[in-house]
Amino acid sequence: MPVELIYLIVLVALIIVIITVPKRPVYEATFVAFVIILFVTWRWDRLGTCLASSFSQTILYTIFAFMAFSIVMKETKVMDSCVALITSVCGKFKGGAAYADIVANTFLGALSGGGPQNIPVVGSMTLPSMKKSGIPDKLAVNVSAFDSLMGNFIPPSPTYAAAFGIYAGFCAASGYTSVSSAEMWGVMWIIAAVMILFRIVTVFVSCKINHVVTVPKEDLPRFRDAIKSGWKALFLPLIIALPFILDMACSGFVADRIGAEAAGMVSKSVLLIIPGFAAICSLFLGSKRPKFTELANAFAENANGIIMIVAMVLFSMFIGNIISVGEIGAFLSGLDLPLAVLALIVPLLTSVMSMIISSVAITVFFGNMILAVLVAAGASPLIVAAMLPLICGGLSGTIPPSAPCLFIGANILKCDLRGVNGIAVRWSVEQFVFVELLFMAACLISSAVML
């Protein structure tokens, strides 16, 4: 067993202890663990390189930009209008409030990513509706929590940005021809569609078991009113998708005029400009036109949350530059395991890490190693990279002890977490098994195609 794997086990144990005993935030636990690991490994010679490499990553900007965009959407009431419209349609069916939560989180995930920031926006409207339609509180919280995570693997998102950056760097270093960010966006949407269907089936079965009814008519938004106030907001997903579509359709045209290298740089810049461009558009598409002071106050109120998430990702990068996870990858490759077995081991590793750190941090921390190991075993680098946001972020935020999505949802409904955690563990296992099988199938099929 490589010493790096021992360091990783110690790291996970340290973070869990710091979270559960003194009950400190995850970002603090991650920083303390980094300092302790630095002393244990005594790799002070890497500190300067570690800091410089971490602070130079564009993913830090992307995370901030997408979170800032989500604040603008909240202030302009873009999502309020969309959720009301979705609920007015889906709420007429049995369990409709739960399906509305899936659709709304898919919509929001495609706009600004996923995770704990989604639940206050969507859950504040769908959770009370779920309760009124007879869905038990503990089930409703889990529906909202697990739905909120879909934004982690629905592009564009910070996790997508991290995965594409790792993929492009890996291809450049390994001699593979990389596709554009738009083409990877298309592949990831196919994966996301499969997971959306999985969420629908899960909710359908749960609603049948619990004999869920429709949302009371008096609590449903009127479709006519919802469409009147929110129709403009429906253009926002198109605005975000359009740069990717144009990039895919016009890549050859652009390359012929400015050269392949310059066209590649233009393609890589698409994700960087989308959050700011979409934020500006949402100011005109929302039902509310916030004043500058209102936006400034909103950013001030959410500054701590943004800083905590960016800090956690940054500290995770620090750890990744101190602990050479490449040695863990070399150890796995040296075992000469079949691709199918490796495809089962990797999601297990990332799921354990998702108990304590964010999906972006896991992607940054393990992404290159995962690509190296699975590609060496025969998998397609594009398929592995496109699956990274799912295997790194599909459960990040719902597995105790650090389960912010569950905490936020339970707080909205004022319910006990004990029952919530029981369902969360069962659903986590079910989704883990499904993702394991999906990941293994994708890797094996891509390997067969490459042969």
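Author: A residue is called buried under 20% relative accessible area, exposed over 50%, and partly exposed in between, with a 1.4 Å probe and protein chains only. This is a predicted model, in which local features need pLDDT of at least 70 and side-chain atom pairs count only at pLDDT 80 or more, while totals for chains, interfaces and linings use all residues. Residues are numbered from 1 along each chain as its sequence is written, and side-chain values use heavy atoms, with hydrogens and water left out.

Reader: Why is Phe39 called partly exposed?

Author: Phe39 has 45% relative accessibility and therefore counts as partly exposed, since that class lies between 20% and 50%. Trp42, at 57%, counts as exposed.

Reader: What makes Phe39 and Trp42 an aromatic pair, and which kind is it?

Author: Rings of Phe, Tyr and Trp (its six-membered ring) pair if their centres lie within 6.5 Å; planes under 30 degrees apart count as stacked, over 60 as edge-to-face and the rest as tilted. For Phe39 and Trp42 the centres are 6.1 Å apart and the planes 55° apart, and the pair is tilted. Ring pairs link Phe39, Trp42 and Trp44 into a cluster. The structure holds eight aromatic pairs.

Reader: How do you know that the pair of Phe146 and Trp427 is edge-to-face?

Author: The planes of Phe146 and Trp427 stand at 70°, with 5.5 Å centre to centre, and edge-to-face is the class for planes over 60 degrees apart. Phe146 lies in helix H8 (residues 137-148) and Trp427 in helix H20 (residues 417-450), 281 residues apart. Helices here are DSSP runs (H or I, at least four residues), numbered from the N terminus. Phe146 counts as buried at 2% relative accessibility, and Trp427 is buried at 4%.

Reader: Why is the link between Asp147 and Arg199 called a salt bridge?

Author: A salt bridge requires a side-chain nitrogen of Lys or Arg within 4 Å of a carboxyl oxygen of Asp or Glu. The closest N and O atoms of Asp147 and Arg199 are 3.0 Å apart, and the two form a salt bridge. Asp147 lies in helix H8 and Arg199 in helix H10, so the pair ties together parts that are 52 residues apart in sequence. Both Asp147 and Arg199 are buried.

Reader: How many salt bridges does the whole structure hold?

Author: A search finds two. Lys131 forms a salt bridge with Asp137, with closest N and O atoms 3.6 Å apart. Lys131 is partly exposed, at 43% relative accessible area.

Reader: What makes the link between the side chains of Thr126 and Asp101 a polar contact?

Author: A polar contact is a pair of N or O atoms within 3.5 Å; within protein, one must be able to donate a hydrogen and the other to accept it, and residues adjacent in sequence count only if both atoms are side-chain atoms. The side chains of Thr126 and Asp101 make such a contact at 2.6 Å. Thr126 lies in helix H7 (residues 118-132) and counts as buried at 1% relative accessibility.

Reader: Why is helix H5 described as largely enclosed?

Author: Eleven of the 13 residues of H5 are buried, so the rest of the structure largely encloses this helix. Among the buried residues are Val78, Met79 and Cys90.

Key
Helices (H or I, at least four residues) and strands (E, at least two) are DSSP runs, numbered from the N terminus.
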